[in-house]
2 protein chains.
Amino acid sequence: MITIALPKGALLKDSIELFKQVGLDFSLFLDKSNRQLQITDSTKTAQALLVRAQDVPIYVEYGQAQLGIVGYDVLREKQANVANLTDLQFGYCRLSVAVPKSSTYRRSQELPPHGRVASKFVNSALEHFHNIDLPIEIVPLSGSVELGPITGMSEAIVDLVSTGKTLKENGLIEIDVLYESTARLVAHPLSYRLNRDNLDQLVAKVNKIIND
Amino acid sequence: MITIALPKGALLKDSIELFKQVGLDFSLFLDKSNRQLQITDSTKTAQALLVRAQDVPIYVEYGQAQLGIVGYDVLREKQANVANLTDLQFGYCRLSVAVPKSSTYRRSQELPPHGRVASKFVNSALEHFHNIDLPIEIVPLSGSVELGPITGMSEAIVDLVSTGKTLKENGLIEIDVLYESTARLVAHPLSYRLNRDNLDQLVAKVNKIIND
């Protein structure tokens, strides 16, 4: 039986919709009263695990799930050792540098050397500023990153932007895009190579829906 | 004006109650319709920041908040450079090793060498197993750690236990306690030493309530 790791949060609805189209029903996870984190599809050919988006690469890397759906942002930040199979074309967002509108900075390069940048995406932010040869200090936050500049703790933030509403509400503007992100179908490399449980077939079905 | 970092989640209600007793009202944070993350008390002597529990030590370490309330578990895991002033005696929980009830392990020492332990508390778990000279591999998860043994990804977990309900529901039993945790009043070391904004006075008031 194939095990699929599905991410809690923003990508869940579209992920479940996608698998429904290939004949696998995990819609119980959308039921708010459901407490089960592991369910088997009625065809008994696949089961799904409901896990934090950040944990999807872990389950797939360890082979506990042969397939998973996760945002490119998480894959890139975690440098997960999984096979990145298909761009599923939903869950669009981008990882951006933002600063207070009232500041004079309009490009990453204009930020003060050794300035501070608050972010949940420590690796991605370090990579970006390393690439432009600007030494900065990352303030590693786990939520409400916009409080960094508001409280004066950092000159800028590196954070995910989808609609831009949160930035606007907090008087911040986007000045650079590090990368764009969408949901990806990922696989455990070895299981995929060995085609365990006819993984190929399921992946081909998903790809057909995406390409149609 | 003193800035106080308050943790979202389980410790928030008691934290707000405590500051109310010393004359500072931040109860707006308990209002579900509130979206503000920064509010000033009506006495204009203090403001509060509402941040993720894990971020409280960051705000206090960087001096963006002179005081904060955070669980000992977070302080210990993050090895935060803040002054740990007072045990506030609420928010009790413990960090424990748990295994499936059906397993034969009843002490940490009985776990198989090079076995896997799933945890959000990577540093604390590593320290524990290092201290008992047992080499293990940590599977770093960010949520639903109990899925580790359920899916067969790990032999054990290291996780916070308060009532023990989650463990029980998932067929797990506690076999060791790493440490106990309660909420702590923490301060920015330099601000505290220099007694900025009469920090001493506020801390003394809090201590009086706790010791009464």
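Helices, of at least four residues, and strands, of at least two, are taken here as DSSP runs and are numbered from the N terminus. The structure is a predicted model. In these terms, chain A holds eight helices and 11 strands. The C-alpha trace of chain A extends over about 60 × 35 × 30 Å along its principal axes. Of its 212 residues, 54% count as buried. Where contacts in chain A link residues at least 6 apart in sequence, 66% of them join residues at least 24 apart. The UniProt record, an unreviewed entry, assigns residues 52-207 of chain A the annotation "domain: ATP phosphoribosyltransferase catalytic". That span is 31% helix and 30% strand, and its end C-alpha atoms are separated by 24 Å.

The two chains are related by symmetry. Chain B is superposed on chain A by a rotation of 180 degrees with 0.0 Å of shift along the axis, at an RMSD of 0.0 Å. This is the relation of a two-fold axis. Within chain B, Ser142(B) has the C-alpha nearest the axis, at 5.7 Å from it. Both copies use the same surface, since 100% of the contact residues of chain B recur in chain A.

In chain B, five strands form an open sheet in the order 8-7-9-6-10, with mixed pairing. At one end of the strand order, strand 7 (residues 116-119) and strand 8 of chain B run parallel and are joined by four bridges. In this pairing, Val117(B) stands opposite Ile138(B) of strand 8.

Strand pairing in chain A was examined around strand 9 (residues 156-161), which is mostly covered, with five of its six residues buried. Strand 6 (residues 93-100) of chain A runs antiparallel to strand 9 of chain A and is joined to it by five bridges. Strand 7 (residues 116-119) of chain A, by contrast, runs parallel to strand 9 of chain A, with three bridges between them. Val158(A) in strand 9 takes part in both pairings: Val97(A) stands opposite Val158(A), and Val158(A) is also the bridge partner of Ser119(A). In a regular strand, side chains alternate between the two faces of the sheet.

Helix 1 (residues 12-21) of chain A has Leu12(A), Ser15(A), Ile16(A), Leu18(A) and Phe19(A) buried. Viewed down the axis of helix 1 of chain A, these buried residues fall within an arc of 155 degrees, so they line one face of the helix. An α-helix has 3.6 residues a turn, so residues three or four places apart point the same way. The elements covering the buried residues of helix 1 of chain A include strand 1 (2-7), strand 3 (46-51), strand 4 (67-71), strand 11 (183-187) and helix 8 (199-211) of chain A. Helix 1 of chain A is followed by Gly23(A), which has a positive phi near 90 degrees.

Several loop residues were also examined. Most residues other than glycine have a negative phi. Lys44(A), in the loop between strand 2 (38-40) and strand 3 of chain A, has a positive phi near 60 degrees although it is a residue other than glycine. Because its relative accessibility is 62%, Lys44(A) counts as exposed. Gln79(B), likewise not a glycine, has a positive phi of about 45 degrees. Gln79(B) lies between helix 3 (72-78) and strand 5 (83-87) of chain B, in the loop, and counts as exposed at 59% relative accessibility. Ala65(B) occupies the loop between helix 2 (56-61) and strand 4 (67-71) of chain B. With 0% relative accessibility, Ala65(B) counts as buried. Apart from neighbours within four places in sequence, Ala65(B) contacts Thr3(B), Ile4(B), Ala5(B), Tyr59(B), Val60(B) and His188(B).

Conventions. Residues numbered from 1 in each chain as written. Chains lettered and ligands numbered in written order. Predicted model: local features only at pLDDT ≥ 70, side-chain atom pairs only at ≥ 80, totals over all residues. Heavy atoms only, no water. Pairing = 2+ DSSP bridges. Buried < 20%, exposed > 50% of the residue type's maximum accessible area, 1.4 Å probe, protein only. UniProt positions renumbered as here; feature names shortened; annotations may be inferred. Contact = heavy atoms within 4.5 Å. Arc of directions from axis to C-beta. Least-squares fit on C-alpha atoms with pLDDT ≥ 70 in both.
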